[in-house]
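Here is a short briefing on one protein chain. Look at the sequence and the model first.

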Amino acid sequence: YTYDPENCPENLWGNILGDGSDPTYGGPRKQRPVGSRSDELYFVSEPMEEELEISGAIRAELYVSSDVEATAFSITVSEVYENGDAINIRNDITDIRFQTEESRSEYVPGSMRKLSITMLDIEWKLRKGSALRVDIASSNHPAYHIHPNTTECWATVTTSEIAHQTVYYGKDQASCVILPLR
């Protein structure tokens, strides 16, 4: 997909917006329909045959590449109800230069890199008949500043570049979401 910081998808709420004093900020909210943006990837499971309880930190391992030196990859995990509405469970974002939260290294454009993203702990029960949805994009705005696809500081940069992103999945590059099940 192509990520343009000048036309990036907005985060539709999530786990870090707001301090709880205003009920209009933060927390689970209805998400955009699958396929509504060309700069997001959507993966939806089959409906659950029984309830599924998530307890702990959801983790994502993404195998990615980009044509720029610095860019971001975000992930949103949602529950899709039988009526088709999707409600976010957790989301997070990382810079391609951070292979894990503790490990920073320069990125060579065009090379494949494995990213590990660990989200905040959650207790969530998916209903029988619901599906699990995973959205991958390159923005988690307004929770985080829009990544400019440059090596400059996200918060102070005034210029940006368009990035062409690739997420690898399948046998040899098993991008995945790891759920802590109870």
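Predicted model: local features only at pLDDT ≥ 70, side-chain atom pairs only at ≥ 80, totals over all residues.

Residues are numbered from 1 along each chain as its sequence is written, and side-chain values use heavy atoms, without hydrogens or water.

**Fold**
- The chain has 0 helices and 11 strands (DSSP runs: helices are H or I with at least four residues, strands are E with at least two, numbered from the N terminus).
- Along the sequence the pattern reads β-β-β-β-β-β-β-β-β-β-β.
- Of the contacts (heavy atoms within 4.5 Å) with a separation of 6 or more, 76% join residues 24 or more positions apart.

- Four strands form an open sheet in the order E2-E9-E4-E5, with antiparallel pairing (strands pair if DSSP finds at least two bridges between them).
- Strand E2 (41–44) and strand E5 (86–95) are the edge strands, each pairing on one side only.
- E2 pairs with strand E9 (residues 131–137) in the antiparallel sense over 4 bridges.
- Tyr42 has Asp135 in E9 as its bridge partner.

**Burial and surface**
- Of the 182 residues, 46% are buried (under 20% relative accessible area; exposed is over 50%, partly exposed in between; 1.4 Å probe, protein chains only).
- The chain exposes about 9500 Å², with 49% supplied by carbon and sulfur atoms (Shrake-Rupley method, 1.4 Å probe).

**Cysteines**
- The whole structure holds 0 disulfides (cysteine sulfur pairs within 2.5 Å).
- Cys153 is partly exposed at 46% relative accessible area.
- Cys176 is partly exposed at 29%.
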